[in-house]
Amino acid sequence: MTTPPTPGLRLAFTLIELLVVIAIIGILASLLLPTLGRAKEQARLTRCRSNLHQIGIAFEMYRNENRDRFPPQGQSSHWKSFQYGGGDPNWKFADNLGTLAATNRPLWTYIKAAETFHCPADGGADPLTLTHKFDDTFRDIGTSYRYNYVPWTYPSWHTWQVQADATDGLAGKPGAWVPDPARFVLLAEWPALPYGGTDPMSPSQPPDPTWAVWHFSRSPKSLHSVSAVPQKVIAAVLFVDGHAVASDFGKVVKSNLPAEPTATCVWYKPWR
Ligand SMILES: [Zn+2]
């Protein structure tokens with residue numbers, strides 16, 4: 001014996017049921033989205049390390065063909081440490097006049113795919129000494145990764161010890177000049193060190209440190225106050241021996257002497 005269908009049975013959801021379902025979907029999505037965001041950021045960081053690894057091989061090839069010497073620093077312009085390889089700079093910025101074109105850069109022979117020099121999280125920086133903001137260092141100067149021939153724009157700025165060569169650093173030197181290849185930084189993302197555009201030893205120019213945060217950053221990516229710098233500042237770094245890592249520079253970049261040696265990083269060779 002079958003039950004006859006109840007008269008007036010509604011197959012549709014009530015409004016309350018619908019709202020409950022929507023709320024549950026909302027909660028699930030909010031739980032899932034940060035995880036997806038982190039996975040995406042992790043993938044960008046992995047890509048960054050892989051870029052640096054490939055560029056490290058290009059440096060090795062360059063040295064093999066140039067009596068074991070590192071490439072020279074760039075031509076006269078604001079961006080001498082961003083001209084070892086990569087793409088063309090953005091010529092519309094006056095600061096870029098005199099910056100080498102892609103085909104004239106030392107590593108051009110070994111890597112022609114400019115994207116290899118592009119950090120996917122590149123957010124540029126906004127030094128107060130410039131008239132424009134760099135939104136993407138790669139697009140503006142040709143590479144996201146800075147050549148660490150000397151750590152500072154002005155050699156006198158914030159190195160505790162006198163540098164062995166505060167003008168050229170390792171640029172143009174043979175491999176044996178570098179004291180500790182596994183710890184000596186060859187290339188680094190901008191966030192690994194603050195940027196000082198003016199000489200703090202000069203009383204007429206107030207110092208203008210700029211900190212950048214690219215990977216895992218919640219905007220803004222460019223900061224002018226140390227108190228605004230987050231606890232973690234993740235940046236990828238390539239060492240002279242060819243290995244690339246991503247490290248947390250948060251503590252060091254907020255210190256007064258961020259270019260001093262740590263257990264894993266050496267930024268300059270001291271005078272002995
Ligand atoms: Zn990166």
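What percentage of the 272 residues in the protein do buried residues make up? In this predicted model, the share that is buried comes to 36%.

**Fold and contacts**
- Considering contacts between residues at least 6 apart in sequence, 64% join residues at least 24 apart.

**Nonpolar core**
- The largest nonpolar core comprises 55 residues, and Ile55, Val185 and Val237 have the most contacts inside it.
- At least two residues of this core come from each of α1 (15-65), β1 (145-147), β2 (185-189), β3 (211-212) and β5 (234-239).
- Leaving aside residues up to four places away in sequence, valine 185 touches Asn148, Val237, Phe239, Cys265, Val266 and Trp267.
- Val237, one of the residues that valine 185 touches, is likewise listed among those with the most contacts inside the core.

**Proline 261**
- Proline 261 is located in the segment that comes after α3 (250-253).
- Proline 261 counts as partly exposed because it has 17 C-beta neighbours inside 10 Å, whereas a buried residue requires 20 or more and an exposed one has 12 or fewer.
- Tryptophan 160 is 101 residues away from proline 261 along the chain, yet their C-alpha atoms are separated by 9.9 Å.

Technical notes:
Residues are numbered from 1 along each chain as its sequence is written. This is a predicted model: local features need pLDDT of at least 70, side-chain atom pairs count only at pLDDT 80 or more; totals for chains, interfaces and linings use all residues. A nonpolar core is a set of buried Ala, Val, Leu, Ile, Met, Phe, Trp, Tyr and Cys residues joined through C-beta atoms within 7 Å. Helices (H or I, at least four residues) and strands (E, at least two) are DSSP runs, numbered from the N terminus. Two residues are in contact if their C-beta atoms, placed from the backbone, lie within 7 Å.
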